[in-house]
Amino acid sequence: MNSSRTCQRCGVRSQREEMFTSLCLDVFLDATVEQLLQDYQQTVPVDYACRCGSNKSIMASTFHTLPQNLILQLKRFKTATMEKRHDAVHLSPELQVPTHLSDRFYRLVSIISHSGTTPDSGHYRSFGLHPDQRGGQRWLCYDDNIVSATRGPDVFRGVQETAYVLFYQKQRTC
Ligand SMILES: [Zn+2]
C-alpha cells in the first residue's frame, strides 16, 4: 500500500510504501466488500507535528500494487471491548478492487466464518470453492471433521453476518 500524509496548513506531503500480508477492514451494516475497501482508502485526519507548527494532517492509504492472493480480515471485534459486530456484509463471487490499477478483478475462493460472541470462544468453519470447478457454484464446507458439499450463493447468504476472513484470487485476464 501507498500511504501518504499531507499537512493541512502548508501542504507538505510525505509518502511511503508499506507491505501487508492481509488488510483489516472496518465493517459497517449492509456494505459490500468493494465499499469496505473504498472506506479503507478514505482520507482520515491525523495528529502530526509538522515543521510549520500545525498538527493537523490528513492521511490516506491506497493500493500500490495488487497481489495474486488478496486476504481481507473483517474487523468483527471492537478493539477496546472485544465486543463482536454482527453486521451483515454482502459477499459476491467476484470482486473489483476500487483502485486505478489494472488487473483488479478477483474471485472469492475461500471464507473463514466465526460464530459466537468472543474471539476465543464460538465456532470456526471454513468454506472453499470446489477445486474441480473453478468459476462454478460448487463450494465445500469444512466444519471440524466434516466436509460437505454446498453452493456458492448459499454460502454467501449464510455467512454474511459471520464471515471473518476472505480469500480472493486474482482473475486471469485474457
Ligand atoms: Zn505543515
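I began with burial and noted that, of the 174 residues of the protein chain, 16% count as buried, where buried stands for 20 or more other C-beta atoms within 10 Å of the residue's own, exposed for 12 or fewer, and partly exposed for anything in between, with C-beta atoms placed from the backbone. I keep in mind that this is a predicted model, in which local features need pLDDT of at least 70 and side-chain atom pairs count only at pLDDT 80 or more, while totals for chains, interfaces and linings use all residues. My residue numbers run from 1 along each chain as its sequence is written.

**Overall layout.** I listed two helices and 14 strands in the protein chain, taking helices (H or I, at least four residues) and strands (E, at least two) as DSSP runs numbered from the N terminus. The C-alpha atoms fill a box of roughly 60 × 45 × 25 Å along the principal axes. For contacts I used C-beta atoms, placed from the backbone, that lie within 7 Å; among those with a separation of 6 or more, 58% link residues 24 or more positions apart.

**Helix 1.** In this helix (residues 33-40) I found Val-33, Leu-36 and Leu-37 buried. They lie on the same side of helix 1, because they cover an arc of only 95° around the axis, the arc being that of the directions from the helix axis to the C-beta atoms. Their cover includes strand 3 (23-26), strand 4 (31-32), strand 7 (69-75), strand 8 (89-90), strand 9 (94-96) and strand 14 (163-170).

**Sheet 2-1-6-5.** I count strands as paired if DSSP finds at least two bridges between them. Four strands form an open, antiparallel sheet in the order 2-1-6-5, with strand 2 (13-17) and strand 5 (44-47) at the edges, each pairing on one side only. Strand 5 and strand 6 (residues 56-62) are antiparallel over four bridges, and I noted Ile-58 in strand 6 as the bridge partner of Pro-45.

Six bridges join strand 12 (residues 138-143) to strand 13 in the antiparallel sense, and Asp-143 stands opposite Ile-146. The two strands form a hairpin with two residues between them, and Asp-144 in the turn has a positive phi of about 50°. Strand 13 (residues 146-151) is hardly covered, since the count of buried residues among its six residues is zero.

**Positive phi elsewhere.** I also checked Asp-30, in the loop between strand 3 and strand 4, whose phi is near 60°, a positive value in a residue other than glycine; Asp-30 is exposed, with 10 other C-beta atoms within 10 Å. Asp-103, in the loop between strand 9 and strand 10 (105-115), has a positive phi of about 55° although it is not a glycine, and Asp-103 is partly exposed, with 14 other C-beta atoms within 10 Å.

Definitions and conventions
Two residues are in contact if their C-beta atoms, placed from the backbone, lie within 7 Å.
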